[in-house]
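The sequence and model come first.

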2 protein chains.
Amino acid sequence: MEGSSDEKAEVVPNKKVVLRRHVTGFPTVEDMEIVADTVELRVPAGLTAVLIKNLYLSCDPWMRERMTRHDDADALLASDFVVGEALINFGVGKVIDSTHPKFKAGDLVWGMSTWEEYTLITQPESLMKINHPELPLSYYTGVLDDPMLVNYHPGMTGLTAYAAFMEVGRPKSGDFVFVSAASGAVGQIVGQLAKIAGCYVVGSAGSDEKVNLLKTKLGFDDAFNYKSETDIAAALKRRFPDGIDIYLDSVGGETLDAALLRMRRGGKVVVCGMISQYNLQEPYGVRNLYLIVPNAINVYGFNVTGYFQMYAKVEEEMAGYIKEGKVVVVEDVKEGIESAPAALVGLFAGRNVGKQLVVIARE
Amino acid sequence: MEGSSDEKAEVVPNKKVVLRRHVTGFPTVEDMEIVADTVELRVPAGLTAVLIKNLYLSCDPWMRERMTRHDDADALLASDFVVGEALINFGVGKVIDSTHPKFKAGDLVWGMSTWEEYTLITQPESLMKINHPELPLSYYTGVLDDPMLVNYHPGMTGLTAYAAFMEVGRPKSGDFVFVSAASGAVGQIVGQLAKIAGCYVVGSAGSDEKVNLLKTKLGFDDAFNYKSETDIAAALKRRFPDGIDIYLDSVGGETLDAALLRMRRGGKVVVCGMISQYNLQEPYGVRNLYLIVPNAINVYGFNVTGYFQMYAKVEEEMAGYIKEGKVVVVEDVKEGIESAPAALVGLFAGRNVGKQLVVIARE
């Protein structure tokens with residue numbers, strides 16, 4: 001079945017997760033629906049494309065923004081998802097058919113895909129081969145991935161965590177590091193990189209289960225459940241009596257405000273996302289930003305698209321840490337495409353424990 | 001009268017501006033008082049010190065913070081002014097007597113001084129000689145000064161403007177630059193440096209007189225009066241249809257929020273001060289900060305203390321620009337120490353047009 005031919009190809013079912021309506025506020029599973037479709041298992045004649053079978057699909061906070069319709073011509077973000085069409089995000093797949101010289105049937109690849117069982121990739125240059133198939137393939141939706149082709153910040157994990165912390169944060173041994181959403185996809189990698197760099201690292205998360213995970217499995221020096229703290233500033237003061245050198249922010253809002261009160265002179269706030277803000281009609285007003293002047297704090301809005309050139313280096317370095325056991329990966333894996341809407345919605349309620357992904361097929 | 005001797009030295013009147021009470025909210029002239037004192041015109045026996053006659057005293061926004069009493073042990077700012085003692089800030093003076101080998105009577109110096117007619121400088125290492133006495137001496141309270149000795153951000157002009165814009169902002173020819181408080185001490189220098197760097201520069205200020213000054217005397221490409229604009233975001237959109245590359249912020253608050261909406265991808269916000277925030281009990285909440293993530297914007301809290309090593313270079317470069325007429329300096333000069341409290345208070349109402357200073361004596 002390699003390459004397109006005149007023979008009739010097999011036609012198989014192809015379930016999709018499509019957007020039913022644009023979203024305001026918190027997304028719900030009813031904003032999406034599962035649609036039964038079919039697909040012919042080959043690249044249509046005349047197209048240079050790759051047909052992949054999706055194995056793992058990634059659920060990421062950045063998808064929320066694309067679920068909203070932006071009428072404002074000033075919107076500087078990625079294009080909105082289209083009602084009636086499948087959602088789009090990173091995934092890992094296996095090549096079923098290819099008319100592109102770089103790929104052949106059986107290749108394992110990752111890249112931007114759609115939320116369905118099979119996807120015809122019409123821009124095959126966007127696909128990346130998987131260089132370490134000896135590691136769990138799902139890691140290529142997370143710790144080993146790289147959002148090569150998006151113009152919008154994807155909040156993806158591996159390169160984001162590495163570049164945001166190592167390149168922008170520039171940790172020194174002994175630095176005091178705070179990580180929010182610490183058991184999440186980016187946070188868990190940042191925390192472990194901080195330990196590798198010789199830092200003291202404290203994480204915040206939204207459940208006791210996650211806090212326990214940070215302390216027992218992910219090597220954080222300390223962690224706390226922000227939902228059971230009445231005063232996040234006080235919680236940070238107890239854990240950082242001498243202040244914070246680097247804050248890796250994925251949540252924004254009150255946690256950012258509290259962290260600004262504890263930043264040391266010359267401290268760095270690297271903002272990879274503000275998940276607390278994505279579903280708000282009126283964003284939270286950050287009151288303590290004025291402290292950046294007397295304390296010479298820099299606040300970096302991190303967008304991974306500026307760091308693509310680092311991917312090969314980061315993939316090798318992270319694969320090495322994983323094999324040495326210096327970095328462990330905690331995934332929250334849901335089974336089957338039918339579970340994808342709930343998995344995505346759960347991100348915004350903090351239901352996921354670790355990197356959220358959906359397994360569509362194992363081979 | 002050079003050096004300390006056993007002869008009796010002349011005793012002369014020495015009026016001071018002392019803090020009468022700590023301040024909350026907007027400062028008023030009643031928070032200060034003029035106190036008649038006297039001074040012996042020589043360094044007391046046994047001290048290594050320099051007695052200076054103050055010629056020009058600088059009024060700067062950063063003094064506001066020191067007028068408040070900070071009970072919080074966490075306060076990371078400079079020490080508070082003491083009730084009943086003279087205020088402290090940069091000034092230009094002439095040496096009357098010295099027991100320090102680096103200085104002799106008649107030297108022109110600048111540095112941290114006190115708000116009185118004569119000041120005994122007990123840390124003479126803090127004084128700087130004036131290297132360009134051919135320029136107006138008052139420029140050493142502003143465009144040619146350097147806040148060498150403070151631990152707190154002084155918001156001083158010359159080095160702040162240069163380092164914040166040239167070193168942190170790193171302008172490229174053709175960049176779109178926005179400057180708030182643009183006719184003020186820092187803003188007017190930044191705007192002119194932006195033109196030297198080949199940028200398009202727009203300033204905001206709080207009166208039509210200041211706007212006119214920006215456009216006719218200081219070389220800004222455009223300027224607007226933020227007080228007569230009902231929607232600052234719309235005002236910026238009209239003037240920056242393609243967005244802003246560098247925003248030099250001295251005001252914070254709503255102007256910062258509006259500018260965040262117009263920042264281009266990869267833009268830089270360099271915050272030198274937030275004068276709109278200094279008198280508020282509850283700081284303004286910055287709602288558009290979340291945009292730093294998708295647009296990869298960095299927000300730099302600028303504190304000049306990290307740039308001391310550049311002073312000699314900046315003094316020479318700025319002196320050159322002034323002599324060539326590429327940089328002009330607009331000062332708001334009040335006469336006599338009795339006018340100092342009103343001059344300082346006027347800063348926070350935006351009454352000053354240009355760098356605010358007080359002439360205590362001309363020789």
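Helices (H or I, at least four residues) and strands (E, at least two) are DSSP runs, numbered from the N terminus. This is a predicted model, in which local features need pLDDT of at least 70, side-chain atom pairs count only at pLDDT 80 or more, and totals for chains, interfaces and linings use all residues. Residues are numbered from 1 along each chain as its sequence is written, chains are lettered from A in the order in which they are written, and side-chain values use heavy atoms, with hydrogens and water left out.

**Ala161(A)**
- Ala161(A) sits in helix α2 (residues 158-169) of chain A.
- Ala161(A) is buried at 0% relative accessibility; buried means under 20% relative accessible area, exposed over 50%, and partly exposed in between (1.4 Å probe, protein chains only).
- Beyond four places in sequence, Ala161(A) touches Met166(A), Val186(A), Ile189(A), Val190(A) and Leu193(A), where contact means heavy atoms within 4.5 Å.
- Between Ala161(A) and Ile189(A) there are 28 residues of sequence separation and a C-alpha to C-alpha distance of 6.1 Å.

**Helix α6(A)**
- Helix α6 (residues 253-262) of chain A is largely enclosed by the rest of the structure, because 8 of its 10 residues are buried.
- The buried residues include Leu256(A), Asp257(A), Leu260(A) and Arg262(A).
- Among the elements covering them are β8 (176-179), α5 (232-239), β11 (244-249) and β12 (263-271) of chain A.

**Asp245(A)**
- Asp245(A) belongs to strand β11 of chain A and is buried, with a relative accessible area of 14%.
- Its side chain makes a polar contact with the side chain of Arg264(A) at 3.3 Å. A polar contact is a pair of N or O atoms within 3.5 Å; within protein, one must be able to donate a hydrogen and the other to accept it, and residues adjacent in sequence count only if both atoms are side-chain atoms.
- Leaving aside neighbours within four places in sequence, the contacts of Asp245(A) include Asp175(A), Phe176(A), Met263(A) and Lys268(A).

**Domains of chain A**
- The assignment gives domain 1 (11-142 + 329-359) and domain 2 (158-305), with bounds from an automatic or database domain assignment.
- Their centres, taken over C-alpha atoms, are 29 Å apart.
- In the interface, 18 residues of domain 1 are in contact with 14 residues of domain 2.
- The rule finds 4 residue pairs in polar contact across this interface (both at pLDDT 80 or more).
- The two domains bury about 1300 Å² between them, 57% of it on carbon and sulfur atoms; buried area is the accessible area (1.4 Å probe) lost on putting two parts together, summed over both.
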